[in-house]
Amino acid sequence: TFDAQKGAINSLFDKQLQKELVDKASPWELGAFMYEKLANRHQMELYTFTDYERSGLSDCTIKKGENGAIYQTVNITGKSAGCDNVHGVRIEVRLYHHSKRIELAYSIKRLPEIAPTGIYVTFPFQLENAKLAFDVQGGTVTSGENQLAGTATEWNTVQNFVTARNAEAQIIIGSDLVPLFQLGDLIHENFQRQKTYEKPHVFSFVMNNYWVTNFKAFQDGEFNWSYYLTSTEDVSNTAATKFGWSSRVPLYARVMPMGKENNKARNYSAFHFDKPNLLMTSCTPSATNGYVLLNVRELDGQATEFSVFDANGNQLTFDVVNALEESINKDVKQISFKAFENKFIRLKQ
């Protein structure tokens, strides 16, 4: 259900999990557009956040959009400081018919402002005793727990997904173009060196001009971005990773001319491995002619046996190498991955 005054979602009920996913006690609703303005930048140099204003949309309208074969849309428009209000802030909510998925697509025309301002989109999730986790280039980080000491706790750069997760369910969200998220709560006073939070709220930090470094003094022009969202009773990293990766990385299509009948298979897979908790993060030409280099990561903290199979199910021989492609194990057909381990596999084409 929608809040017509705030231009956001005030209830998202999961009929499969029988859970309300939006925290009704939060002052910000799901998908709410937030404009933030600081009185000065100096407070941030002191790692404090005390003099600011935050506002949502005004003059909102909500209209039913198109109902197509894939999803139905709901269109929200509103006005915000810092944006061209002739264009307005435009939000398209996409409700998928055949998959458990919601998308929120945003469009604004940013006005040139030199004053320190920022834009957020808010996702105040509700899930009892949930922890927030997010994926980075080499694995999954649980906010405030397995982070490297001294790394940023207030804003985190996310690869493919953020998840609010407890022992029974998880809510997964990510973005195609906006990688910066603030987890748990917005800054109200002092920056946290050790991250703590009471509720699994997620805030997407869309843009800002806070910093006094060599960035452009203002941001202006049209900007379009979106989020993908789902929930599931599968609480594994594998489920979150598959949804996040498949959502952020587009499905590439190519139009082909009609071929001649040759009784050959319509699809072909050169190789595969069948363990769902093993993710191939890259596949590139090897420095060794005639080979490809795979980077494979274990996702769920489980020791796992790894083999590679061809299109006919035959087990293939491969080499285990390091990042410089120096050989570790040659001509093997099976190896063991430790929990969360990452390996380079060299495979003959």
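**Pockets, rings and a hairpin**

Mentor: Keep in mind that this is a predicted model. Start with the lining of the largest pocket: β3 (13-14), β9 (89-96) and β19 (221-232) each supply at least two of its residues.

Trainee: What volume does the largest pocket have?

Mentor: About 520 Å³. Its lining consists of 22 residues. Closest to the centre are L12, F13, D14, L95 and I102.

Trainee: How many of the lining residues there are nonpolar, polar and charged?

Mentor: The lining of the largest pocket has 12 nonpolar residues, 6 polar and 4 charged.

Trainee: And the second largest pocket, what is its volume?

Mentor: That one comes to about 380 Å³. It is lined by 22 residues too. G184, D185, L186, H188 and F203 lie nearest its centre.

Trainee: Switching topic. How many aromatic pairs are there?

Mentor: The count is 16 aromatic pairs. Take F49 and Y52 as one of them. Their ring centres are 5.3 Å apart, with 35° between the planes, and the pair is classed as tilted.

Trainee: Is F49 buried or exposed?

Mentor: F49 counts as buried, because its relative accessibility is 1%.

Trainee: Are Y106 and Y227 buried or exposed?

Mentor: Y106 is buried, with a relative accessible area of 2%. Y227 is buried as well, at 0%.

Trainee: Which residues form the aromatic cluster?

Mentor: Y47, Y120, W155, F191, F205 and Y210 form one cluster.

Trainee: Which arginine lies over the face of Y96?

Mentor: R101 does, at 5.6 Å from the ring centre.

Trainee: And what lies over the face of Y291?

Mentor: R346 lies there, at 6.0 Å from the ring centre of Y291.

Trainee: New topic: strands. How do β12 and β13 run?

Mentor: Antiparallel. Strand β12 covers residues 131-136 and strand β13 covers residues 139-142. They are joined by 4 bridges.

Trainee: How many residues sit between β12 and β13?

Mentor: There are 2 residues between them, and the two strands form a hairpin.

Trainee: Which residue of β13 does F134 stand opposite?

Mentor: F134 stands opposite V141.

Trainee: Where does Q126 lie?

Mentor: In the loop between β11 (117-124) and β12. Q126 is partly exposed, because its relative accessible area is 33%, and partly exposed runs between the buried limit of 20% and the exposed limit of 50%.

Trainee: Last one. How many residues apart in sequence are Q126 and I335, and how far apart in space?

Mentor: Q126 and I335 are 209 residues apart in sequence. In space, they are 41 Å apart, C-alpha to C-alpha.

Terms used: Residues are numbered from 1 along each chain as its sequence is written. This is a predicted model: local features need pLDDT of at least 70, side-chain atom pairs count only at pLDDT 80 or more; totals for chains, interfaces and linings use all residues. Side-chain values use heavy atoms; hydrogens and water are left out. On a 1 Å grid over the protein atoms alone, a cavity is a set of points where a 1.4 Å probe fits but cannot get out, and a pocket is an open set with protein on both sides within 12 Å along at least five of seven lines; lining residues have an atom within 4 Å of a point. Grid points are joined across faces, edges and corners, and a volume is the space filled by probe spheres set on the points. Ala, Val, Leu, Ile, Met, Phe, Trp, Tyr, Cys and Pro count as nonpolar, Asp, Glu, Lys and Arg as charged, and the others, Gly among them, as polar. Rings of Phe, Tyr and Trp (its six-membered ring) pair if their centres lie within 6.5 Å; planes under 30 degrees apart count as stacked, over 60 as edge-to-face and the rest as tilted. Buried means under 20% relative accessible area, exposed over 50%, partly exposed in between (1.4 Å probe, protein chains only). A charge sits over a ring if NZ of Lys or CZ of Arg is within 6 Å of the ring centre and within 35 degrees of the ring normal. Two strands pair if DSSP finds at least two bridges between them.
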